[in-house]
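My notes follow in the order in which I looked things up.

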Amino acid sequence: MQCHYCKEEVNDGALKCKHCGSDLTLLHGSPSSQTADIGAMLKTAFSLWKENLADLVVLTLVFLLLCWIPIANIGFIAGYTRSLLKVARGQGKARVGDLFNAWDCFANLFVFVLINLIIVIVLHFIPILGTLASIALGFVLVPGGFLIIDKGRSAVDAYSWCMETIQADFVNWLLVYLVGNVIIAAGLVAIFIGIILTLPLGELIIIQQYERVKPA
């Protein structure tokens, strides 16, 4: 069988990966026991980032140039995410052409983003609590975006799965969300251009959690 974290082959029924040291029993354990493996997810994400750094930098640079195009940027976001999913799964290198190969999920992702945008606008009319609710909403909806992009599911399915997976594995989702976004934000602080390096790393960290719990 294959290690879910580093993608190397391990013996069937193995309890721990001989390559990266991940505890393979956590894949089917209770959510509370799975929280101990956040270190393995971070280690795997960093290894993937380092091994594919040149390709990821080029991909991210082009993506940042395209993501300012209104509406079409939703398709480019999907393409960028799929390219990182491909890297995380060991299915190939990140390529600029990947940015243009995710239009099949555009409609569902557009509906998902539009509904979320309307909710955020409404929440901003509520002093203080509205802002806090918007921040919380951004966290809760992260899994749904990945589900639509990866599986082509509808916005309704995405909302349903968001609640299901966050409730089942809240701590891990929160940890990867916070760590991933702190890393991305660090790139913005570093004269902005640093985001070319930090964006793919932050996304790969969150993808590790998605890969762990994604539905069939």
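**Entry 1. Contacts along the chain.** I take contact to mean heavy atoms within 4.5 Å. The model is predicted, and I keep that in mind throughout. Among contacts between residues at least 6 apart in sequence, I found that 60% join residues at least 24 apart.

**Entry 2. Elements.** I looked up the secondary structure and found 10 helices and 0 strands in the chain. Read from the N terminus on, the order is α-α-α-α-α-α-α-α-α-α. I also looked up burial: the chain has 216 residues, of which 45% count as buried.

**Entry 3. Confidence.** I checked pLDDT before going further. Its mean over the chain is 88, and 85% of the residues reach 70 or more. Where is confidence lowest, and where is it highest? Helix 1 (residues 31-34) has the lowest mean, 44, while helix 4 has the highest, 98. Over residues 26-36 pLDDT stays under 50, and the model has 16 contacts beyond four places in sequence for them. Where pLDDT is low, the predicted coordinates should not be read in detail.

**Entry 4. The largest nonpolar core.** In soluble globular proteins, nonpolar side chains tend to be buried together. I looked for such a group here and found that the largest nonpolar core has 38 residues. Which of them touch the most other members? They are Phe-63, Leu-64, Tyr-80, Trp-173, Leu-199, Leu-204 and Tyr-210. At least two residues of this core come from each of helix 2 (38-51), helix 3 (53-66), helix 4 (72-88), helix 7 (142-151), helix 8 (155-168), helix 9 (170-189) and helix 10 (195-213). Helix 10 gives the most, with 9 residues. I noted a second, separate core of 13 residues, which includes Leu-137, Leu-141, Ile-149 and Cys-162.

**Entry 5. Leu-199.** I picked one member of the largest core to follow up. Leu-199 lies in helix 10. Is Leu-199 buried or exposed? Its relative accessibility is 10%, so Leu-199 counts as buried, the cut-off being under 20%. With neighbours within four places in sequence left aside, Leu-199 is in contact with Thr-60, Phe-63, Leu-64, Tyr-80 and Ile-184. I also looked up Asn-181: Leu-199 and Asn-181 are 18 residues apart in sequence, and their C-alpha atoms are 8.5 Å apart in space.

**Entry 6. Helix 8.** I compared the length of helix 8 with expectation. At 1.5 Å a residue its 14 residues should span 20 Å, and the end C-alpha atoms are 20 Å apart, which agrees. The buried residues of helix 8 are listed next; among them are Ala-155, Ala-158, Trp-161, Cys-162, Thr-165 and Ile-166. Why do I put these on the same side of helix 8? Because they cover an arc of only 120° around the axis. Val-156, Glu-164 and Gln-167 are exposed on the other side. I then looked up the partners: the buried residues of helix 8 pack against helix 5 (106-123), helix 6 (129-140), helix 7, helix 9 and helix 10.

**Entry 7. Helix 9.** I repeated the check on helix 9. Its 20 residues should span 28 Å at 1.5 Å a residue, and its end C-alpha atoms are 28 Å apart, which agrees. Asn-172, Trp-173, Val-176, Tyr-177, Gly-180, Ile-184 and Gly-187 are the buried residues of helix 9. They cover an arc of only 125° around the axis, so they are on the same side of helix 9. The face turned away from that buried side carries the exposed residues Val-182 and Val-189.

**Entry 8. Cysteines.** A disulfide is a covalent bond between the sulfur atoms of two cysteines. How many disulfides does the model have? The count comes to 0, with sulfur atoms within 2.5 Å as the rule. Cys-105 counts as buried, at 1% relative accessibility. Cys-162 counts as buried at 1% relative accessibility too.

**Entry 9. Two loop residues.** I looked up backbone angles last. Ile-71, in the loop between helix 3 and helix 4, has a phi near 65°, a positive value in a residue other than glycine. Ile-128 is not a glycine either, and its phi is positive, about 60°. Ile-128 sits in the loop between helix 5 and helix 6. At 66% relative accessibility, Ile-128 counts as exposed.

Conventions: Residues are numbered from 1 along each chain as its sequence is written. This is a predicted model: local features need pLDDT of at least 70, side-chain atom pairs count only at pLDDT 80 or more; totals for chains, interfaces and linings use all residues. Side-chain values use heavy atoms; hydrogens and water are left out. A nonpolar core is a set of buried Ala, Val, Leu, Ile, Met, Phe, Trp, Tyr and Cys residues joined through side-chain atoms within 4.5 Å. Buried means under 20% relative accessible area, exposed over 50%, partly exposed in between (1.4 Å probe, protein chains only). Helices (H or I, at least four residues) and strands (E, at least two) are DSSP runs, numbered from the N terminus. The expected span of a helix is 1.5 Å times one less than its number of residues. The arc is that of the directions from the helix axis to the C-beta atoms. pLDDT is the predictor's confidence in each residue, from 0 to 100.
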